[in-house]
Amino acid sequence: QKPESIIEFLENNKKNIDKKINSAQTLIPEISKLLSITKVEQEASLFRGVKGIKKILQDMLLSKEFWIIGVSNASVEILGETYWANFNKKRKSNKIKEHLLFNTDFNNTVEIEKSNLSSHKKLPPELIQITEIMIFDNQVAIIVYSGEPLGVIIKSKDVFEAFRKQFEFLWKLSKP
């Protein structure tokens, strides 16, 4: 064995490594493209108390359309009839479409009429919700009206789409 064979061995390894580097460089744009596609933007925020819930509802009034699953008596008890009457006036003046699925035990104390901007049905009794789920602008708000009201907003197109499909399924099961 010649001492120069070490150099020859290392040069062969260098050529193989150079080929691998070139292959990797050609794959980088494809890998980058795939990584950017799979990146899902998602964000969650927590809101506490009546003011927090009103903030969520205020954001909902900036949308063009919204869907609510499980409209409950608790929302009227906690926020008040006057609040909801004003909310509905703002919604109508902004021409925002609403689609509501009421709990079967909901007592309609606030006037909610059927129109081209408003459609509603009652959920079957076995599907009474303990939360109100509000779906709007690639966001889903889950409101709990017990004790101190609590709300969570999830901003995600995928979550929004999943809850919209759930709403459509429940809509088909519900009665006018």
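Leu10 is partly exposed, its relative accessible area being 49% (buried means under 20%, exposed over 50% and partly exposed in between, with a 1.4 Å probe and protein chains only). Leu10 sits in helix H1, residues 4–38 (helices are DSSP runs of H or I with at least four residues, strands runs of E with at least two, numbered from the N terminus). Together with Ile6 and Phe9, Leu10 makes a nonpolar surface patch of about 330 Å² (patch residues have over 30% relative accessible area and no salt bridge, nonpolar side chains being joined within 5 Å and like charges within 9 Å).

This is a predicted model, in which local features need pLDDT of at least 70 and side-chain atom pairs count only at pLDDT 80 or more, whereas totals for chains, interfaces and linings use all residues. Residues are numbered from 1 along each chain as its sequence is written, and side-chain values use heavy atoms, leaving out hydrogens and water.

## Salt bridges

The structure holds five salt bridges (a side-chain nitrogen of Lys or Arg within 4 Å of a carboxyl oxygen of Asp or Glu). One of them joins Lys14 and Asp18, with the closest N and O atoms 3.8 Å apart; Lys14 is exposed at 54%, while Asp18 is partly exposed at 35%. Another joins Glu168 to Arg164 at 2.7 Å, N to O, and these residues lie four apart in helix H5, about one helical turn.

## Helix H5

The buried residues of H5, among them Arg164 and Trp171, pack against strands including S2 (65–71) and S7 (150–155) (contact means heavy atoms within 4.5 Å). The face turned away from the buried side of H5 carries the exposed residues Lys165, Phe169 and Lys172.

Conventions: Accessible areas come from the Shrake-Rupley method with a 1.4 Å probe; for residues, only the protein chains shown count as cover.
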